[in-house]
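Please look through the structure shown here with the briefing that follows, which takes up one residue, then the parts of a chain, and then the way two chains meet.

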Number of protein chains: 2
Amino acid sequence: MIRKEYIMTPGPTPIPPEVLLVQAEPMIHHRTPQYTRLFVEMVEGLKKVLLTRNDILTFASSGTGGMEAAVTNCFSPGDKVLVAAGGKFGERFTDLTELYGLGVERYDYPWDETADPNTIASMLKSQPDIKGVFVTHSETSTGTVNDIEAIGKIVSETAAILIVDSISGAGALEMHTDDWGVDVLVIGSQKAFMTPPGVAAVAVSNKAWEMVEKASLPTYYFSFKKARKKYNSDSPETPFTPAISLVRAMSKATRMLLDEGLEEVWRRHRILAECTRAGVIAMDLELFPKVLDRSYAVTAVKAPEGMSGGDIVRHLNREYGVIVAGGQDRLKGKIFRIGHVGYYNIFDLMVALTALEMTLKKLGFPLELGSGLAAAEKTYLEFT
Amino acid sequence: MIRKEYIMTPGPTPIPPEVLLVQAEPMIHHRTPQYTRLFVEMVEGLKKVLLTRNDILTFASSGTGGMEAAVTNCFSPGDKVLVAAGGKFGERFTDLTELYGLGVERYDYPWDETADPNTIASMLKSQPDIKGVFVTHSETSTGTVNDIEAIGKIVSETAAILIVDSISGAGALEMHTDDWGVDVLVIGSQKAFMTPPGVAAVAVSNKAWEMVEKASLPTYYFSFKKARKKYNSDSPETPFTPAISLVRAMSKATRMLLDEGLEEVWRRHRILAECTRAGVIAMDLELFPKVLDRSYAVTAVKAPEGMSGGDIVRHLNREYGVIVAGGQDRLKGKIFRIGHVGYYNIFDLMVALTALEMTLKKLGFPLELGSGLAAAEKTYLEFT
């Protein structure tokens with residue numbers, strides 16, 4: 001068979017051909033009306049996707065740069081913050097806040113569960129000096145999704161600001177940045193935004209800006225203040241040379257999302273997630289999250305008894321060109337993850353499920369071929 | 001006339017079509033043998049271009065991210081450092097080192113001159129507690145070039161490390177990283193490396209690593225240690241999602257530079273710089289640098305008496321589609337800058353010089369049409 005590659009990881013994700021091609025257009029300078037137009041169109045488009053009127057600042061970096069920026073721009077050493085972590089990316093906020101000398105109150109919840117808003121409420125109540133709450137929206141490493149609406153309601157009633165890593169969330173899952181009271185939202189280009197990695201963006205509320213004014217941690221390349229000043233100038237730009245070809249791509253991809261319609265984009269992600277889950281469950285596999293709050297960005301599946309997640313991932317890749325992700329850190333070998341955030345439709349998922357059925361069969365797992373596929377089709381027809 | 005755009009700024013610079021197109025290839029995952037091969041090829045290629053056996057670490061960021069990384073990875077608050085600054089980018093190191101609480105000994109030299117190695121030598125002699133020396137290789141804002149070989153010889157005889165911003169230098173100008181004793185070299189993708197902006201790289205010597213081990217400033221996204229650990233693993237990668245499409249482009253462009261041959265690449269930049277200078281001098285314009293140490297990356301030209309540099313830049317852009325840079329900060333309106341770093345040949349320069357002659361004539365500057373063009377041709381023929 002001709003090998004074709006199917007990238008089904010929760011980031012980077014496939015890029016629409018028309019977005020890929022935009023990157024191949026001749027280089028333009030970032031201080032020209034042509035670039036300014038694209039850049040502003042992207043930023044204003046992102047505001048529509050993220051349902052926010054807050055400032056959106058962009059950086060040439062991966063999403064982690066945006067997470068670090070949230071820490072260094074909003075706080076001073078010793079500031080007390082609450083970090084809710086239940087996966088590799090939640091723990092990244094723990095690492096970052098501890099590294100920068102914040103007073104970190106850890107709320108570590110089990111990796112197959114989600115953060116309990118009540119726990120956050122009672123921590124905020126008993127420790128009113130907490131200045132910030134860090135939460136992961138879609139936890140890419142475990143396939144869970146936190147209830148940002150509920151957490152936002154709680155945090156908004158306190159003096160603390162809410163910082164949300166929505167890198168694999170926004171665009172795939174509903175994110176009402178302003179209505180939910182998210183003060184600093186962090187996103188990346190390479191997931192629902194259908195753009196190659198290399199652009200991070202943050203949406204910063206007025207409540208967060210008040211913290212920024214008081215914050216004393218040094219920041220330069222990722223400075224919110226520098227970025228806002230340059231964006232609000234006569235000719236909006238970034239303080240440092242932007243990733244021009246990626247901004248062009250993201251501008252195009254954001255327009256595609258808006259053309260599709262936000263409700264429709266969310267619905268697409270939900271349908272694909274439900275089809276994937278119906279498929280793997282019909283194969284007699286078990287989903288990793290114990291809770292029902294599962295992310296529409298990625299489906300985390302337990303490796304069957306006596307089988308390594310790594311073997312499944314490798315077989316899918318080598319035999320069928322289907323690239324899915326394994327487990328990370330403590331989940332290494334125990335799970336595998338099928339991504340469906342970004343530019344996917346049902347047939348992409350059927351490819352992944354077909355390859356998974358054949359892989360399981362080959363590796364000796366008892367399975368009736370076609371069972372997962374039929375379940376996915378059935379679910380799809382129920383939704384459409 | 002059909003408008004065609006000619007980007008003649010000292011970064012971003014035109015990208016070869018074959019490099020542009022690489023960006024349009026389907027997305028691949030960064031933890032696959034296919035990506036690892038491209039990434040390692042790029043890093044090992046950069047070692048050849050930079051003439052170094054030191055570790056090369058790469059970041060998804062613009063060059064300024066690499067400059068900030070040099071500060072935060074190598075030093076602790078209060079560490080005494082010497083910053084030689086004679087332009088906007090030299091001052092960026094002043095800003096960064098002061099922001100991070102280092103004890104900054106400033107050596108500010110005039111913007112139309114270069115750093116005197118003897119001054120650096122005597123400062124190091126009288127202040128043996130200086131732990132680092134920051135120097136700009138090619139100062140993009142003024143068109144000068146510092147004698148890194150001489151400065152490197154001086155610094156290497158002390159305990160201090162030498163940090164060089166070679167973002168617009170390396171690739172256009174000779175850079176013998178190891179032989180000249182450069183401990184931390186910072187480069188970016190968007191100048192001589194013929195790649196869109198968005199990738200920064202640093203070459204880190206053993207002497208610098210010893211400083212990194214002792215440094216206490218926090219660093220995460222730009223952590224040298226994290227980056228080295230991930231590169232030296234069984235399957236070389238970066239700690240955070242890389243700018244995959246840009247790395248593919250830079251891998252391709254680095255191969256092109258090596259195919260052309262390093263001596264030939266340097267010679268090309270020298271010839272184009274000399275032709276540009278001969279051209280503008282024959283037009284009776286004056287070069288901005290007082291000194292003869294002029295960068296081969298960019299030619300900075302004084303605006304003629306009674307004429308604004310900004311008017312020249314705007315006329316070139318609007319009438320002819322030739323995008324050159326104006327002066328920055330204190331040089332705003334006083335100079336304009338023609339870039340010739342990266343993917344240029346003599347005919348690109350002739351386009352710029354033609355547009356410049358016609359612009360000057362239109363704006364009322366007395367000039368014999370063709371005088372600059374003839375001088376550039378003559379210089380070219382002398383070299384080839």
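## A buried lysine

In this predicted model, A:Lys191 is buried, because 29 other C-beta atoms lie within 10 Å of its own, and the cut-off for calling a residue buried is 20 or more. The points below begin with the surroundings of A:Lys191 and then move on to the domains of chain A and to the contact between chain B and chain A.

**Around A:Lys191**

- A:Lys191 sits in the loop of chain A that runs between strand S9 (184-188) and strand S10 (199-204).
- Leaving aside residues up to four places away in sequence, A:Lys191 touches A:Gly11, A:Thr13, A:Ile167, A:Ser168, A:Gly171, A:Ala172, A:Ala297, A:Val341 and A:Gly342.
- An unreviewed UniProt entry annotates A:Lys191 as "modified residue: N6-(pyridoxal phosphate)lysine".

**The annotated span of chain A**

- UniProt, again in an unreviewed entry, places the feature "domain: Aminotransferase class V" at residues 27-328 of chain A.

**Two domains in chain A**

- Chain A is divided into domain 1, made up of 6-12 + 261-383, and domain 2, which covers 18-259, and the centres of these two domains, taken over C-alpha atoms, are separated by 28 Å.
- Where the two domains of chain A meet, 26 residues of domain 1 are in contact with 28 residues of domain 2.
- On the side of domain 1 that touches domain 2, helix H10 (262-282) and strand S11 (298-302) of chain A each supply at least two residues, and the largest share, 4 residues, comes from H10(A).
- Sorted by class, that side of domain 1 of chain A has 15 nonpolar, 6 polar and 5 charged residues.

**How chain B meets chain A**

- Chain B is superposed on chain A by a rotation of 180 degrees with 0.0 Å of shift along the axis, at an RMSD of 0.0 Å, which is the relation of a two-fold axis.
- In chain B, the C-alpha nearest this axis belongs to B:Ser61 and lies 2.4 Å from it.
- The contact takes 41 residues from chain B and 41 residues from chain A, and on the side of chain B, helix H1 (17-23), helix H3 (63-74), helix H4 (88-99) and helix H9 (244-260) are the elements that give two or more residues.
- By class, the side of chain B that touches chain A has 25 nonpolar, 15 polar and 1 charged residues.
- Because 100% of the interface residues of chain B are also interface residues in chain A, the copies meet through the same surface.

Methods: Residues are numbered from 1 along each chain as its sequence is written. Chains are lettered from A and ligands numbered from 1 in the order in which they are written. This is a predicted model: local features need pLDDT of at least 70, side-chain atom pairs count only at pLDDT 80 or more; totals for chains, interfaces and linings use all residues. Domain bounds come from an automatic or database domain assignment. Two residues are in contact if their C-beta atoms, placed from the backbone, lie within 7 Å. Ala, Val, Leu, Ile, Met, Phe, Trp, Tyr, Cys and Pro count as nonpolar, Asp, Glu, Lys and Arg as charged, and the others, Gly among them, as polar. Copies are superposed by least squares on the C-alpha atoms of residues with pLDDT of at least 70 in both. UniProt positions are given in the numbering used here, feature names are shortened, and annotations may be inferred rather than shown by experiment. A residue is buried if 20 or more other C-beta atoms lie within 10 Å of its own, exposed if 12 or fewer, and partly exposed in between; C-beta atoms are placed from the backbone.
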